[in-house]
2 protein chains.
Amino acid sequence: MRQKISIITLGVADLARSVAFYRDGLKWQTPYKDGEGIAWFPMGGIILALYPRGALAEDATVAPAGSGFTGFTLAHNCKNEAEVDAVLAEVAALGATVVKPAQQVFWGGYSGYFADRDGYLWEVAYNPASAFDEHDNIANI
Amino acid sequence: MRQKISIITLGVADLARSVAFYRDGLKWQTPYKDGEGIAWFPMGGIILALYPRGALAEDATVAPAGSGFTGFTLAHNCKNEAEVDAVLAEVAALGATVVKPAQQVFWGGYSGYFADRDGYLWEVAYNPASAFDEHDNIANI
């Protein structure tokens, strides 16, 4: 198995609502047209897909029920603390929930979390030790 | 908010067990040294992090309990059907569970799913309509 994640798919309760958040709210590019069954967002090396939650469970042949902590987080790394504050304000205005206000954290950075319209957790972080390459990827781990 | 996922973190029950699967089993590169608290895997544009589940929930300031379908899947896209079969055989030999055997699927591809040691779902898929760029990313969506 190659060291590669091609796609991350989030199972969503209401595809139109999720597209409204990520495409219309955040102005993310997508070829999605209203009424299509899945929305693809090119994220720079990985694709983010939004797909109805029940259909995703069915595709994986697992039961769709689930509750509580999903066990995973996505992180959006920023270039400075002000960008962290701005992103959390932006998503809150679009209907996301700020779960953890931005704050200094134990590893030396500045970070907060929001939950998207389905509750998926995004960390928004500035790590002063991180560098970014020309593709906006973290260059040093 | 830039159109970017920097990191995906999976909360794991036993970090050593998960590292054994992804690093020792799949031979994925990581700077992780045994005993460290988090394992980072560069995935080509995005970083995969493995971190203890309870600590991840604590970092996000959410309750750690959760059960059932996590709502998301990761996809590993292959170059042909034989690679799909080979990957599913490889991960099964490493202790993963093949949840959906590889099969022809409705969108014209060939796909199966496995659950890693913590139950996180990976789709392993061949999409004959997909092209890959020089960074092993899907080039056309």
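The model is predicted: local features need pLDDT of at least 70, side-chain atom pairs count only at pLDDT 80 or more, and totals for chains, interfaces and linings use all residues. Residues are numbered from 1 along each chain as its sequence is written, while chains are lettered from A and ligands numbered from 1 in the order in which they are written.

Chain A has 3 helices and 8 strands; here helices (H or I, at least four residues) and strands (E, at least two) are DSSP runs, numbered from the N terminus. Their order from the N terminus is β-α-β-β-α-β-β-α-β-β-β. Chain A has a radius of gyration of 16 Å, close to the 14 Å of the globule rule for 141 residues, so it is as compact as a globular protein of that length. This radius is taken over C-alpha atoms, and the rule is 2.2 Å times the number of residues to the power 0.38. The C-alpha trace of chain A spans about 40 × 35 × 30 Å along its principal axes.

Of the 141 residues in chain A, 44% are buried, meaning that 20 or more other C-beta atoms, placed from the backbone, lie within 10 Å of the residue's own. Strand E3 (residues 47–52) of chain A has 5 of its 6 residues buried, so it is largely enclosed by the rest of the structure. Two strands pair with E3(A), where pairing requires that DSSP finds at least two bridges.

The largest nonpolar core has 91 residues, of which Leu50(A), Leu50(B) and Val84(B) touch the most other members. Such a core is a set of buried Ala, Val, Leu, Ile, Met, Phe, Trp, Tyr and Cys residues joined through C-beta atoms within 7 Å.

Finally, the two chains can be compared. Chain A is superposed on chain B by a rotation of 180 degrees with 0.0 Å of shift along its axis (RMSD 0.0 Å), using least squares on the C-alpha atoms of residues with pLDDT of at least 70 in both. The two copies are thus related as by a two-fold rotation axis. The same surface serves both copies, as 100% of the contact residues of chain A recur in chain B; contact means C-beta atoms, placed from the backbone, within 7 Å.

Definitions and conventions: Two residues are in contact if their C-beta atoms, placed from the backbone, lie within 7 Å. A residue is buried if 20 or more other C-beta atoms lie within 10 Å of its own, exposed if 12 or fewer, and partly exposed in between; C-beta atoms are placed from the backbone.
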